[in-house]
Amino acid sequence: MAGSIPRKLWEGKIPAAFSLASYEVSSSKQPSPVYMMLPRSSYLSLFTSKMVEHFSHYMEEEKRGEVWFEFNGNPLRWHYPCGLLFDLHCDTTSDLPWPITVHFQNFPQGELIRCNSEKEIQAHYMSVIKEADQLKHKGQVINGMRETQHDQLWHGVKMDNFDEFWSINKQFMSGFETTDYFRFIPLRVYFQNRIIQKLFKPSNNENLTLNEALTICLPSFFANDKTLPLKVKVLTQGIEPPLTCSLQWLSENFSYADNFLHICVHQS
Amino acid sequence: MDQEDAKTEDDRPTKVDVLLRPAGDAPILKKKKWQVDSAKTVEWVVGFLRKLLKCEDSDSLFLYVNQAFAPSPDRDIGSLYECFGSDEKLVLHYAKTQAWG
């Protein structure tokens, strides 16, 4: 059933150039950047070992601490999907390939969560998808799965294998109990360093739209007349969706691998 | 439209009643119900609990919502209450070993 949209979004990758922070280089030669195509539903910390492999011999071993990533002065939260980080921080007209700075020193304690192993990334991912299923189906779908199916979801994300992922993920796309709708839509709105998460019940209102959800989250910016306020840009999966989109449809088609809709609202 | 406008839409309570319940073999607290500032994060609650339970640095402490998932440390208590609160409180389970996933 997987419609063509989730597959297309999955395949829409972000070109990125990872460079070592110049003041952390202790060799006489500057290392070349690592170029990669980042899957939108992946996590930056999954590439840590690649960074260690490429950059570690350009610095003194005793100065090598936990790896973290930064763009334009902003420490990047590895626990957000890569696509969300790009939509939050970047401008597609000037920031491609996405220049990411890799750090091995001065971990920004308090700003970033530590990530010491892939197990932590997996645990974080599973927590988010469990929360999403609590909202969508009271947790009934995820609790009905075997552990090997949980592992397959993560393996599909990690290996960037859409078919492996979606063969399990499609179970999350059925309606709650006998309805055609999720119990609530897992949706987070990112606005001015804030994250707004509220309950949106599509069965109360079959035509619940993105505009209505944004009006509830940010009533001073959005109004129910369905027009986009001036100087405001709404972005998800790198796309500006029409505000008239049904929230249920968006949730089925535009959610990240963690089953959340991550919507960025930018003011210009 | 300035930032002040954007703030006024926040009509949620500034304090949330949080009920802390043990899971597994975690010790029971004498006082279970606490008022927590809705802007405080999960990380803050974990730190607060670690002090209450006199956890050693080496002890793990896990926090769960709906006995189902562990919210990320930077999640604010207000939004958890809004999505998962019931009977005017947010129930959080704590455990010294992983209890749910």
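Helices, of at least four residues, and strands, of at least two, are DSSP runs numbered from the N terminus. With these labels the reader can follow the chain of this predicted model from one element to the next. Asn72(A) is not a glycine, yet its phi is positive, at about 55°.

Two domains are assigned in chain A: domain 1 covers residues 4-103, and domain 2 covers residues 187-267. The UniProt record, in an unreviewed entry, places "domain: Autophagy protein ATG5 UblA" at residues 9-104 of chain A. Over residues 9-104 the chain is 20% helix and 25% strand, with 32 Å between the end C-alpha atoms. The record, again as an unreviewed entry, also lists "domain: Autophagy protein ATG5 alpha-helical bundle region" at residues 118-174 of chain A. In the model, residues 118-174 of chain A are 77% helix and 0% strand, and the end C-alpha atoms of this stretch are 30 Å apart.

How do the two assigned domains of chain A meet? Their C-alpha centres lie 27 Å apart. In the contact, 13 residues of domain 1 of chain A face 17 residues of domain 2 of chain A. The size of an interface is often given as the accessible area lost when the parts come together. For domain 1 and domain 2 of chain A this buried area is about 1,200 Å², of which 66% is on carbon and sulfur atoms. On the side of domain 1 of chain A, the residues that lose the most area to domain 2 are Leu9(A), Leu84(A) and Asp87(A), which together account for 40% of what that side buries. Between domain 1 and domain 2 of chain A the count of salt bridges is zero, whereas six residue pairs, both members at pLDDT 80 or more, are in polar contact across this interface. Helix H1 (4-11) and helix H3 (82-89) of chain A each provide at least two residues of the domain 1 side that touches domain 2. By class, that side of domain 1 of chain A holds nine nonpolar, two polar and two charged residues.

The next interface joins chain A to chain B. Here 23 residues of chain A and 21 residues of chain B take part in the contact. Chain A and chain B bury about 1,900 Å² between them, with 51% of it on carbon and sulfur atoms. Gln134(A), Gln197(A) and Ser220(A) supply 24% of the area that chain A buries against chain B, more than any other three residues.

Which charged pairs link the two chains? Between chain A and chain B there are three salt bridges, and the count over all chains comes to eleven. One of the pairs that cross between the chains is formed by the side chains of Arg77(A) and Asp74(B), at 3.7 Å from N to O. Arg77(A) belongs to the loop between strand S4 (74-75) and H3 of chain A, while Asp74(B) belongs to the loop between strand S3 (62-65) and helix H3 (77-84) of chain B. In another salt bridge the side chains of Glu82(B) and Lys198(A) meet at 3.0 Å, N to O.

Polar contacts are also present between the chains, with six residue pairs, both members at pLDDT 80 or more, found across the interface of chain A and chain B. On the side of chain A that touches chain B, the elements that give two or more residues are helix H4 (118-137), strand S6 (187-191) and strand S7 (194-196). H4(A) gives the most to this side, with six residues. The residues of chain A that touch chain B divide into ten nonpolar, seven polar and six charged.

Technical notes: Residues are numbered from 1 along each chain as its sequence is written. Chains are lettered from A and ligands numbered from 1 in the order in which they are written. This is a predicted model: local features need pLDDT of at least 70, side-chain atom pairs count only at pLDDT 80 or more; totals for chains, interfaces and linings use all residues. Side-chain values use heavy atoms; hydrogens and water are left out. Domain bounds come from an automatic or database domain assignment. Contact means heavy atoms within 4.5 Å. Buried area is the accessible area (1.4 Å probe) that two parts lose on being put together, summed over both. A salt bridge is a side-chain nitrogen of Lys or Arg within 4 Å of a carboxyl oxygen of Asp or Glu. A polar contact is a pair of N or O atoms within 3.5 Å; within protein, one must be able to donate a hydrogen and the other to accept it, and residues adjacent in sequence count only if both atoms are side-chain atoms. Ala, Val, Leu, Ile, Met, Phe, Trp, Tyr, Cys and Pro count as nonpolar, Asp, Glu, Lys and Arg as charged, and the others, Gly among them, as polar. UniProt positions are given in the numbering used here, feature names are shortened, and annotations may be inferred rather than shown by experiment.
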